Amino acid sequence: MNASPSRISPRVRPRWTSHLVRGIAGVGALSAVAAVVVACGGGGGNNQLSEEIAGKQVFRSDTFGDEAFWTDKLKMNTVIATAVDPTTALKVGLKVDSEALPAAVVTGIQNGSIDLTKPATTIALLKLDAVVGLKGTVTTVNGVDTLTQVGITCALCHSTVDNSFAPGIGKRLDGWPNRDLNPGAIIALSPALDAATKAVYNSWGPGKYDARFNIDGKNKPAVIPPAYGLQDIHKITATGDGDQVAYWNRYVAVTQMGGQGSFAEPRLNLSIINGTTDLVSSKLSSLQAYQLSLPAPTAPAGSFDVAAAARGKVVFEGAGKCSTCHAGPNFTDANTTLHPVADSMAEPETPSYASRSATKQYRTSPLKGVWQHAPYFHDGSAPTLEAVVQTYNTKRTLGLTPQQITDVAQYLRSL
Ligand code: HEC
Ligand code: HEC
């Protein structure tokens with residue numbers, strides 16, 4: 001098995017191709033895209049497109065065999081079957097993909113004939129593959145639909161929905177962080193954990209997750225970041241641990257999701273191998289291609305004050321000194337520099353998030369689409385963009401006026 005963290009599979013392997021074909025056959029909307037690929041015939045652009053289509057399937061649906069963790073170890077299938085009705089599921093921030101719901105189910109939810117307070121309804125939704133980021137295997141045991149296995153996918157934390165059907169139910173928005181999701185509270189439902197461990201998971205709150213707690217035992221969660229807007233950024237995570245998205249995808253798939261494969265990082269003296277079959281490596285290339293194809297969402301028309309944003313741009317590039325670090329088209333100097341801990345406005349903190357990372361430094365955050373994902377800084381300590389600018393103003397003694405502070409916030413809202 002390949003243990004190198006940075007190497008990604010250069011091409012889609014046959015095993016995966018057959019999976020992709022099955023995936024496309026089941027998803028009507030993708031067939032049209034596949035037809036375009038065939039019609040154009042060969043060429044790098046088409047390979048790129050088919051990589052992205054394959055990666056979308058991985059992002060949304062692949063568990064990398066992590067049922068070994070979520071089912072065999074944590075027994076989450078039993079928890080869901082006994083305690084997680086759809087109302088509870090929505091309360092812990094799980095989202096439902098309205099496009100996966102057949103018309104009869106839509107009608108049933110609308111007229112109340114489908115009971116959203118019964119765990120059996122959650123199992124029915126899992127059978128329809130309608131719960132974003134949760135993948136269930138439902139088999140009929142003694143005539144009853146039974147959740148025999150459950151696993152998670154990347155979409156759990158890095159997708160939300162547009163709420164077009166109801167709060168928490170709508171069309172998927174891939175790459176948008178699910179800041180309603182309370183991963184700690186979900187994991188803490190597991191009967192396999194002791195009280196002290198459950199208390200740690202329960203302390204995180206919505207929109208946060210500590211991707212190092214099970215490695216170093218320290219407890220300081222980070223906000224779930226977007227997985228969009230990463231094209232041309234070659235330092236990944238808040239601390240710039242990887243040069244490619246795939247580096248971190250391998251880390252999460254193996255060490256956090258519990259997928260079958262390996263991750264090694266000499267800087268952290270870490271080497272983890274799960275299982276005997278590698279279900280991760282061959283998918284990293286397409287998974288990365290899909291993420292890089294997701295642009296940061298543009299600010300909705302009317303969501304910011306255009307004149308104030310124009311004034312704010314001048315302050316951002318001038319008196320605010322923001323563009324000394326937030327430079328270039330993605331508003332980050334990440335590709336050339338990482339920053340000492342003191343350059344993070346969320347520091348000092350205990351334990352320092354950077355101290356637990358491979359680089360021990362921070363990356364200047366890219367700012368495109370920043371309007372979309374409050375709260376801000378790696379720890380979510382700034383609730384609004386005004387609070388961000390105010391924090392810089394105080395800590396860096398910039399001497400900005402209240403007007404300049406709101407103008408910069410309006411500019412940030414426009415990016
Ligand atoms: C349980 C929630 C969770 C799951 C599941 C998850 N992530 Fe993340 N992801 C996070 C958190 C939290 C971070 C922030 C880590 C940091 O910056 O130190 C993160 C960081 C990232 C980043 C870095 C973004 C940036 O700005 O550099 C990418 C890309 C990403 N995740 C993609 C994925 C992919 C792909 C998967 C599936 C293999 C996945 N994640 C699964 C929570 C999750
Ligand atoms: C010395 C370099 C530097 C300067 C100057 C700087 N930043 Fe930052 N910025 C960073 C770093 C590093 C982070 C990540 C901090 C963290 O998450 O702990 C960051 C994070 C942010 C974030 C949070 C983004 C997110 O995704 O949560 C915003 C918004 C931001 N900066 C805006 C500004 C503004 C506005 C200014 C000017 C007033 C500014 N920055 C000046 C380096 C800098």
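The model is predicted, and local features need pLDDT of at least 70, side-chain atom pairs count only at pLDDT 80 or more, and totals for chains, interfaces and linings use all residues. Residues are numbered from 1 along each chain as its sequence is written, while chains are lettered from A and ligands numbered from 1 in the order in which they are written. The average pLDDT of the protein (the predictor's confidence in each residue, from 0 to 100) is 90, and 89% of the residues score at least 70. Over residues 1-43 the pLDDT stays under 50. For this stretch the model has 47 contacts beyond four places in sequence, two residues being in contact if their C-beta atoms, placed from the backbone, lie within 7 Å.

Ligand 1 is surrounded by 25 residues, of which Cys 154, Cys 157, Tyr 209, Thr 237 and Ala 238 are the closest. A residue is near a molecule or strand if its C-beta atom, placed from the backbone, lies within 6 Å of it. Helix 9 (155-158), helix 13 and helix 14 are the elements that give two or more residues to this shell. Helices (H or I, at least four residues) and strands (E, at least two) are DSSP runs, numbered from the N terminus. The most is given by helix 13, with five residues. The shell around ligand 1 divides into 20 nonpolar, five polar and no charged residues. In this classification Ala, Val, Leu, Ile, Met, Phe, Trp, Tyr, Cys and Pro count as nonpolar, Asp, Glu, Lys and Arg as charged, and the others, Gly among them, as polar.

Thr 237 is placed in the loop between strand 8 (222-223) and helix 13.

Two packed helices are described by the angle between their axes and the distance between the axes. Axes are lines fitted to C-alpha atoms, for helices over the stretch in contact, and angles run from 0 to 180 degrees between N-to-C directions. Helix 13 (residues 245-256) and helix 14 (residues 284-292) have axes that come within 9 Å and cross at roughly 120 degrees. Helix 13 is therefore oblique to helix 14; angles under 35 degrees count as roughly parallel, over 145 as roughly antiparallel, 65 to 115 as roughly perpendicular and the rest as oblique. In this pair, Val 245, Ala 246, Asn 249 and Arg 250 of helix 13 meet Leu 284, Leu 287, Gln 288, Gln 291 and Leu 292 of helix 14. The contact comprises five nonpolar, three polar and one charged residues.

Around ligand 2 there are 25 residues, and Cys 322, Cys 325, Ser 344, Tyr 376 and His 378 come nearest. Two or more residues are given to this shell by helix 16 (385-395) and helix 17 (402-414). Helix 16 gives the most, with three residues. The shell around ligand 2 has 15 nonpolar, eight polar and two charged residues.

Helix 17 also packs with helix 15 (residues 306-317), at an angle of about 105 degrees and with the axes 7 Å apart. Helix 15 is therefore roughly perpendicular to helix 17. The contact of helix 15 with helix 17 has six nonpolar, five polar and four charged residues. Among the residues that meet are Arg 311 and Lys 313 in helix 15 and Asp 407 and Arg 413 in helix 17.

Most residues other than glycine have a negative phi, and most peptide bonds are trans. The bond from Glu 347 to Pro 348 is cis, with omega near 0 degrees, and a cis peptide bond also joins Ala 374 and Pro 375, with omega about 0 degrees. Pro 348 is in the loop between helix 15 and helix 16, and Pro 375 lies in the loop between helix 15 and helix 16.

A further helix pair is formed by helix 5 (residues 76-83) and helix 8 (residues 119-127), which pack at an angle of about 125 degrees with their axes 6 Å apart. Helix 5 is therefore oblique to helix 8. Ile 80, Ala 81, Thr 82 and Ala 83 of helix 5 and Pro 119, Thr 122 and Ile 123 of helix 8 make the contact. By class, this contact has five nonpolar, two polar and no charged residues.
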